[in-house]
Amino acid sequence: MVSDPPRRPGRTRRLLSLPHAELRLQHRVVHGYRRAYRVAGEGPALVLIHGIGDSSATWADLIPDLARSHTVIAPDLLGHGSSDKPRADYSVAAYANGVRDLLTTLDIESATLVGHSLGGGVAMQFAYQFPERTERLILVSAGGVGGEVNPVLRAVSLPGAHLMLSALRLPGMRLQVGIFLRLMRLLDTDLGQDAPELLNLVDALPDATSRSAFIRTLRAVVDWRGQAVTMLDRCYLTEGMPTMLLWGDRDSVVPVRHAYGAHQAMPGSRLEIFEGAGHFPFHSDPARFLDLVEEFTSTTSPADWSREHWRELLRAGRPGTTAGRPDTAHNRAVERDLREASERSAT
């Protein structure tokens, strides 16, 4: 279903705060690599997965409220934030494995996953690889459900990206980028909606190791044509799993049309659009974001996964197929959309 955003003129919500010590980064060594994470609260597990170039700090203002009723775990993905940045596998599937392994070390058997941007793709991949450990999905401006992506990210996937990103560290470049982004904001462009967050991404790449990890991660999911990984062909497997999509209608990174496509492909999913928000709707309207997450987790039951149900879904295939064979009349349009979205899948 698609819900119109409630009208809340002038509505405010005072966000809670936790002592700094309770939100400080902790670390676990998994497979020889140090992985940073934040954890707070008690109750059902809620895992917050950030986007590319970001870190668990993006959720810091929201964690205290969410921790009132959940055990909140917010990792720094490998190659990001304060986690190690080795020359390693930065594919979506590898990230899903990393989230599983970290949760296992923390004695978390199952959780509701909240994924933003790349983190949304990781959350979907986690649900595909480990459905028995996934209670709900909350996808925020998620990658992996369409081909379009901001041209800047396509450019960074090309050869020479190291030089391009290194140039951002030259004296005066940060100031120039900041002026450009402020101008985009003054002109009320979609890109300008996320100016502060985009400037933070520049600051998140201070050295060659960070830049290399960023480029490896990006090239695993994006090429010069756009997003190169999709979960659209397996979205039907979310049947029976409570799923909510949250999107800004002015997202310049992952267009809002992807939200409608994902909503259609995910049986029983719920779609909430944040009017006037860009790629970070949980920053633009944190109060509404918190209300939606709390309401969704409290009014839905965790997915009741079974091997038999999974087998039935796989054998039936996507809607428009019969016993795994395409229904040509229905499937031409679906297959065309899937080809346009991606020519390969995250496996």
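# Reading the fold of a predicted protein chain

Reader: Among the contacts in the protein chain with a separation of 6 or more, what percentage comes from residues 24 or more positions apart?

Author: A contact here means that heavy atoms lie within 4.5 Å. The structure is a predicted model in which local features need a pLDDT of at least 70 and side-chain atom pairs count only at pLDDT 80 or more, while totals for chains, interfaces and linings use all residues. Residues are numbered from 1 along each chain as its sequence is written, and side-chain values use heavy atoms, with hydrogens and water left out. Of the contacts with a separation of 6 or more, the share from residues 24 or more positions apart is 75%.

Reader: What is the average pLDDT of the protein chain?

Author: The pLDDT is the predictor's confidence in each residue, on a scale from 0 to 100. At least 70 is reached by 73% of the residues, and the average over the protein chain is 81.  Over residues 1–10, however, the pLDDT is below 50, although this stretch has 17 contacts in the model beyond near neighbours in sequence. To return to the value asked for, the average is 81.

Reader: How many helices and how many strands does the protein chain have?

Author: Both are DSSP runs numbered from the N terminus, where a helix is H or I with at least four residues and a strand is E with at least two. On that basis, the secondary structure of the protein chain comes to 14 helices and 13 strands.

Reader: What percentage of the residues in the protein chain is buried?

Author: A residue is called buried at under 20% relative accessible area, exposed at over 50%, and partly exposed in between, with a 1.4 Å probe and protein chains only. Among the 347 residues of the protein chain, the buried part is 52%.

Reader: Which residues of helix 3 are buried?

Author: Helix 3 runs over residues 92–105 and reaches 20 Å from its first C-alpha to its last, close to the 20 Å expected at 1.5 Å a residue, where the expected span is 1.5 Å times one less than the number of residues. The cover over its buried residues includes strand 2 (26–30), strand 5 (71–75) and helix 9 (208–221). The buried residues themselves are Val 92, Ala 93, Tyr 95, Ala 96, Gly 98, Val 99, Asp 101, Leu 102 and Leu 103.

Reader: How many of the 12 residues of helix 4 are buried?

Author: Helix 4 reaches 16 Å between its first and last C-alpha, close to the 16 Å expected. Its buried residues include Leu 118, Gly 121 and Phe 126, and what covers the buried residues includes helix 3, strand 6 (111–116) and helix 13 (307–316). Helix 4 is mostly covered, and the number of its 12 residues that are buried is 10.

Reader: At what angle do helix 3 and helix 4 pack?

Author: Axes are lines fitted to C-alpha atoms, for helices over the stretch in contact, and angles run from 0 to 180 degrees between N-to-C directions. Angles under 35 degrees count as roughly parallel, over 145 as roughly antiparallel, 65 to 115 as roughly perpendicular and the rest as oblique. Helix 3 and helix 4 are therefore roughly perpendicular to each other. Their axes are 8 Å apart, and the packing angle is about 70°.

Reader: Is Ala 142 buried or exposed?

Author: Ala 142 lies in the loop between strand 7 and helix 5 (151–156). Beyond its neighbours within four places in sequence, Ala 142 is in contact with Ser 117, Gly 120, Met 124, Trp 247 and Val 254. Because its relative accessibility is 1%, Ala 142 counts as buried.
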